[in-house]
Amino acid sequence: PFSNGNQWKAQVLHELYPYVTGIVDDNPKLPTFAGPNYPGTIYLFGRDKVQPEYQWAIPCKTWPIVVHTIQSEKKKRAITAAAKSESR
């Protein structure tokens, strides 16, 4: 019953964006199925690097790295948003 689980999860991530903007998952098949056009972020737990076939995922070896990486990404988005609003 779970043979297509990563395909299903990738499809649902596309459908739920922008309400769900990312996921932490440990299976490299998920970013492969989501593809490089998925507008959210896939944090690949338990990995310290990614392969070319899913290079758009963000590797996070440990939970502290997951937390730090998500916080850093959030700050970058806030800075980008502020810069865009100032330029208007």
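**Contacts, burial, sheet and core**

Author: Leaving aside residues up to four places away in sequence, N6 touches N27, K29, L30 and F33; contact means heavy atoms within 4.5 Å. This is a predicted model, in which local features need pLDDT of at least 70 and side-chain atom pairs count only at pLDDT 80 or more, while totals for chains, interfaces and linings use all residues. Residues are numbered from 1 along each chain as its sequence is written, and side-chain values use heavy atoms, with hydrogens and water left out.

Reader: In which helix does N6 lie, and is N6 buried or exposed?

Author: Helices (H or I, at least four residues) and strands (E, at least two) are DSSP runs, numbered from the N terminus. N6 lies in helix α1. As for accessibility, buried means under 20% relative accessible area, exposed over 50%, and partly exposed in between (1.4 Å probe, protein chains only). N6 has a relative accessible area of 14% and is therefore buried.

Reader: Which residues make up the largest nonpolar core?

Author: A nonpolar core is a set of buried Ala, Val, Leu, Ile, Met, Phe, Trp, Tyr and Cys residues joined through side-chain atoms within 4.5 Å. Here the largest one has six residues: A10, L13, L30, A34, Y38 and I42. The elements giving two or more residues to this core are α1 and α2. With residues up to four places away in sequence not counted, A10 touches L30, F33 and A34.

Reader: How many aromatic pairs does the structure hold?

Author: Rings of Phe, Tyr and Trp (its six-membered ring) pair if their centres lie within 6.5 Å; planes under 30 degrees apart count as stacked, over 60 as edge-to-face and the rest as tilted. The structure holds two aromatic pairs. One of them joins Y17 and Y38, at 6.2 Å centre to centre with 75 degrees between the planes, and is edge-to-face. This pair links distant parts of the chain, 21 residues apart: Y17 is in the loop between α1 (5-16) and β1 (22-25), and Y38 in the loop between α2 (29-34) and β2 (41-45). Y38 has 6% relative accessibility and so counts as buried, whereas Y17, at 31%, counts as partly exposed.

Reader: In what order do the strands form the sheet?

Author: Two strands pair if DSSP finds at least two bridges between them. Three strands form an open sheet in the order β1-β2-β3, with parallel pairing. Because β1 and β3 (58-60) stand at the edges with a single partner strand each, one side of each has no neighbour in the sheet. From one strand to the next, the twist averages 20 degrees. Four bridges join β1 to β2, and G22 has T41 in β2 as its bridge partner. Between β2 and β3 there are three bridges; there, Y43 has I58 in β3 as its bridge partner.

Reader: What unit do β1, α2 and β2 make?

Author: A crossover is right-handed if, with the strands pointing away from the viewer, the path from the first strand over the helix to the second runs clockwise. β1, α2 and β2 make a right-handed β-α-β unit.

Reader: Where does P64 lie?

Author: P64 lies in helix α3 (residues 63-86), and its 62% relative accessibility makes it count as exposed. From C-alpha to C-alpha, P64 and L16 are 26 Å apart in space, and they are 48 residues apart in sequence. I79 also lies in helix α3 and is exposed, with a relative accessible area of 61%.

Terms used:
Axes fitted to C-alpha atoms, helices over the stretch in contact; angles between N-to-C directions.
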